[in-house]
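Welcome to my notebook. I jotted these entries down while looking around, and you are welcome to follow along.

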Amino acid sequence: MIGFRLDEEYEVLREGVADFARTAVAPVIGDLYKRDAFPYDLVAEMGRMGLFGLPFAKEYGGQGRDFLALCVALEELARVDTSVAITLSAGVSLGAMPLYRFGSAEQKERWMPQLCAGEALSAFGLTEPGGGTDIASLTTTAVRDGDEWVIDGAKSFITNSGTDITRLVTVTAVTGVRADGRQAASTIVVPSGTPGFEVAPPYSKAGWNSSDTHGLTLTGVRVPAGNLLGQEGRGLSQFLSVLDESRIAISAVGTGIAQGCVDEAVRHAGERVAFGRSIGTNQAIQFMIADMEVRAHSARLAYYHAVTKMLRGEPFGREASIAKLVASGAAMDNARDATQIFGGYGCLNDYPVSRFYRDAKVLEVGEGTNEVQRMLIARSLGLPAAA
């Protein structure tokens, strides 16, 4: 029989992260969000809690848990704030995971302990000014020169790339041409501070205001040949694998936003009085909140299914796309409805639903747009590529 109850170890983790989100994140995040300030103290505390090391082996400083544990933590964080959740999500599933999956023993011993401890952050340098989903448009190049790679190019919208504790960026670059004439891409570790590696000023964003996002330029950047992750020319398969996993993590974040909107809407509906009674007695409000709970519940089941298939070693790409599509839609729809229930207060930055509304939209774009998810789902069903 299929069971949907979290085992005790996950439940203990969930309760611990939920308590941290309520008592440590909630009281300070509004001010940080308004100031576009990165939550260094919160990140340090999450490091001490072991959250950055959840899915990694203990030999590298991790907790020896699994990807479901990470997703459970992400959902509870996002239930209170997205910026903190996305910092953890990108730091683990996009930043450290490529190193963990494809790095050599020496590379992992050098960098993983700091990343697992939350003392350092890593970023994933894939998206470029000219395209993200369009992988064929990759223009960043890496040319072998003796015992070094020389990298030239630019990256855009890179999370965790410019903090005071960012230690490295794994950069995807064209390193040659395949037998069929297409580009051969590879992934190379570029430590922060390497000459020629420049971090642009932070973006002025509509959402995720307390997360760190920058553009990057690489001009004649030289790194040791040993900074190559895995085999040369395998960068495409590497980042597709990383993105499949990361979409599940993003689905957990979307589920957290969707559930956070329910939490706030229920509380406000019980407190807000109009025409002599609480607005929660109005059937229109009740139905709206009921639909919100249905969306959050459906999103959770979708990402639970995807991560379960992943942990079983089964193909999970389609389920990851479904989870990302369902959860981001739930987050966006619930944020809109929660804002409507709050009325004018929902448009004020002092209220979490205002942040949720702005943060939710990013989920329909990042980690592959929702249109791309529909395309991937259709292809997985055997439908031909659209013109």
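This is a predicted model: local features need pLDDT of at least 70, side-chain atom pairs count only at pLDDT 80 or more; totals for chains, interfaces and linings use all residues.

**Entry 1**

I looked up helix H2, which spans residues 40-48, and asked which of its residues are buried. I found Leu42, Val43, Met46 and Gly47. They cover an arc of only 145° around the axis, so they sit on the same side of H2.

Next I wanted to know what these buried residues pack against. My list has three partners: helix H1 (8-34), helix H3 (67-78) and helix H4 (82-102). On the face turned away from the buried side, I saw the exposed residues Asp41 and Arg48.

**Entry 2: either end of H2**

I then checked the backbone around this helix. Just after H2, I came to glycine 50, which takes a positive phi of about 85°.

In the loop between H1 and H2, I stopped at aspartate 36. This residue is not a glycine, yet I read a positive phi of about 55° for it. Aspartate 36 is partly exposed, with a relative accessible area of 48%.

**Entry 3: alanine 24**

I went back into helix H1 to look at alanine 24. Is it buried, exposed or partly exposed? I noted a relative accessible area of 24%, which is partly exposed.

I set aside the neighbours within four places in sequence and looked for contacts of alanine 24; I found Asp19 and Leu42. Leu42 is a residue I had met already, among the buried ones of H2. I also noted that alanine 24 and aspartate 41 are 17 residues apart in sequence, while their C-alpha atoms are 9.7 Å apart in space.

**Entry 4: H3 beside H7**

Having seen H3 as a partner of H2, I looked at how H3 lies against helix H7 (residues 283-311). Their axes come within 9 Å and cross at roughly 160°. That angle makes H3 roughly antiparallel to H7, since angles over 145 degrees count as such. I noted the crossing as right-handed.

Which residues make the contact? From H3 I listed Phe67, Leu68, Cys71, Val72 and Glu75. From H7 I listed Arg300, Tyr303, Tyr304, Val307, Met310 and Leu311. Sorted by class, the contact of H3 with H7 has nine nonpolar residues, no polar ones and two charged ones.

**Entry 5: H8 beside H9**

I turned to helix H8 (residues 317-342) and helix H9 (residues 352-363), whose axes come within 8 Å and cross at roughly 155°. H8 is therefore roughly antiparallel to H9. I wrote down a left-handed crossing for H8 and H9.

On the H8 side, I found Lys324, Ser328, Ala331, Met332, Ala335, Arg336, Ala338, Thr339 and Phe342. They meet Val353, Phe356, Tyr357, Ala360, Lys361 and Leu363 in H9. I sorted the residues of the contact of H8 with H9 into 10 nonpolar, two polar and three charged.

**Entry 6: glutamate 367**

My last stop was the loop between H9 and helix H10 (370-380), where I found glutamate 367. Its phi is positive, at about 60°, although this residue is not a glycine. Buried or exposed? Glutamate 367 is buried, with a relative accessible area of 19%.

Technical notes. Residues are numbered from 1 along each chain as its sequence is written. Side-chain values use heavy atoms; hydrogens and water are left out. Buried means under 20% relative accessible area, exposed over 50%, partly exposed in between (1.4 Å probe, protein chains only). Helices (H or I, at least four residues) and strands (E, at least two) are DSSP runs, numbered from the N terminus. The arc is that of the directions from the helix axis to the C-beta atoms. Contact means heavy atoms within 4.5 Å. Axes are lines fitted to C-alpha atoms, for helices over the stretch in contact, and angles run from 0 to 180 degrees between N-to-C directions. Angles under 35 degrees count as roughly parallel, over 145 as roughly antiparallel, 65 to 115 as roughly perpendicular and the rest as oblique. A crossing is left-handed if the near helix is turned anticlockwise from the far one by less than a right angle, and right-handed if clockwise. Ala, Val, Leu, Ile, Met, Phe, Trp, Tyr, Cys and Pro count as nonpolar, Asp, Glu, Lys and Arg as charged, and the others, Gly among them, as polar.
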